[in-house]
Amino acid sequence: MAEKFAEIDVSAVEKLGALKKQRVRLEKFIERAEEKAESISEGVYQTVIKDYQDQLERLTADAQSYNNDARQAYALFKPIHEDLKQAFEQARADKEEIEFRNAIGEVSKEELGERLQACECALDRCRSDLVESGELNKRFMNAFDTEDELELDIAPIPQKVVDGTGIVPAGPESDARQNAGVPADKTMLMAPESIPPTPVDETMLIAESAVPAEQAPPAATLDSTFIVPVASLVREAEEDEPVELALGCLNYIGRAVENQIQISRPGVSRVHAVITANATGFTLKDLESQNGTYVNDERITERLLEDGDRIRIASTAELVFRRA
C-alpha cells in the first residue's frame, strides 16, 4: 500500500500546511490586538492591524498557487482510501460469516480455528493500511480548513500558445493533472488529532478478536515468519475482574473502531499507538499522539516491552503488559 501512496505527489499539500500554520498564527495576533485596542493609540493599532492583514493577503495569494495540485492529489487519494475501507469491511464480514457458520454447525471447531487465523491476518493487513491512509488524510486536513474545500472543483489549467504551432498546458505538472480526473467523494477517515476526544465515563477496551498465539504475522507488516509470543494487556480494576486482551502480531490502540484495541476515553487519539510482534518480543510505538504514550510513567516514542511494564495511554488508560 505504501507504493500506491508514494505515487501521490503531496508536495503542494505540505506547502499549504505550512502556509496555514502561518495564517492561524497571524489570526491569533489580530484577535489579541483587537482585545487590547483600547490600551494603545489608534494610529499604532491601525498600523499593526494593517501589517497583519497585508501578511494574510500575501499568504492567501501564495496558497492559491498550490490549491489545484493539492486537490488533484486528494482526488487520487480518495478512491484508494475507499478501496481500503471496503477491503476492511469485507474482511470483517468474512470473519463474522465463518463464526456464524460454526454457530449453526456447518463449520467444525477444528476448521473454525484454521479459517479464523486467515481472517485475522487479513484484518491485520487492512487495519495497517487504514492507519497509513489516515495519516495521509491528516496531512490533507492540516492543509485545508474543511473537507468541503478539498472537494471544490479543480480550476482550469492556464494554457498558452507555443511557437504558433499549438496549445500546450502552461504548468509542468499538466500531464499529471489531466490524467487525474477522479472526483473526490465525501467519505473521510479522520486523522487522530482532527476530532476532539469523545467524552465517556469509563475505559472501554474492545478487542475484535484474539489472534491465535501461533499465527504467522502478515508479510506486509513483518519481515519474516515466526511464532508470535504469547502475551496480553491487562486492565486492572479495583471493583471489577481484570480484563485481559490477547496480543496478536499487530495491535493498534486508539479511539477509532478500526483499532484492534479500542480505548474510548478523553485524551486518547483515534490511532494512538501500536504494539508489534517481532522475533524478540513486542514493541510499543507511539504514533505521534497529542497526549503521549507512557511506559512505567516515562513518555516513550518506541520501547521493547518487558513483562510487568505498565503502559499508560494519554493520562487516563493504564494497562499492564504480561508475557507468558
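Trainee: How many bridges join strand β8 to β9, and do the two run parallel or antiparallel?

Mentor: Happy to! Keep in mind that this is a predicted model. Strand β8 covers residues 273–278, and six bridges join it to β9, with the two strands running antiparallel. To find the pairing on your screen, look for Thr276, which stands opposite Thr283 in β9. The two strands form a hairpin, with two residues between them.

Now follow β9 itself, residues 281–286.

For comparison, turn to the open sheet of six strands, ordered β5-β4-β14-β13-β10-β11 with antiparallel pairing. Its edges are β5 (243–246) and β11 (298–299), and each has a single partner strand, so one side of each is left without a neighbour in the sheet. Further in, β10 (residues 293–295) and β13 (residues 310–313) pair in the antiparallel sense over three bridges. Tyr294 stands opposite Arg312 in β13.

Helix α2 (residues 11–35) packs with α3 (residues 42–103) at an angle of about 160°, their axes 9 Å apart. That angle makes α2 roughly antiparallel to α3. The crossing of α2 and α3 is left-handed, and the residues in their contact divide into 16 nonpolar, four polar and six charged.

Helix α2 also meets α4 (residues 109–143): their axes come within 7 Å and cross at roughly 45°. The two helices are therefore oblique to each other. Here, too, α2 passes α4 in a left-handed crossing. On the α2 side, the contact involves Val13, Glu14, Leu16, Gly17 and Lys20, while α4 brings Arg139, Phe140, Met141, Asn142 and Ala143. Sorted by kind, the residues of this contact are five nonpolar, two polar and three charged.

Definitions and conventions:
Residues are numbered from 1 along each chain as its sequence is written. This is a predicted model: local features need pLDDT of at least 70, side-chain atom pairs count only at pLDDT 80 or more; totals for chains, interfaces and linings use all residues. Side-chain values use heavy atoms; hydrogens and water are left out. Two strands pair if DSSP finds at least two bridges between them. Helices (H or I, at least four residues) and strands (E, at least two) are DSSP runs, numbered from the N terminus. Axes are lines fitted to C-alpha atoms, for helices over the stretch in contact, and angles run from 0 to 180 degrees between N-to-C directions. Angles under 35 degrees count as roughly parallel, over 145 as roughly antiparallel, 65 to 115 as roughly perpendicular and the rest as oblique. A crossing is left-handed if the near helix is turned anticlockwise from the far one by less than a right angle, and right-handed if clockwise. Contact means heavy atoms within 4.5 Å. Ala, Val, Leu, Ile, Met, Phe, Trp, Tyr, Cys and Pro count as nonpolar, Asp, Glu, Lys and Arg as charged, and the others, Gly among them, as polar. Buried means under 20% relative accessible area, exposed over 50%, partly exposed in between (1.4 Å probe, protein chains only).
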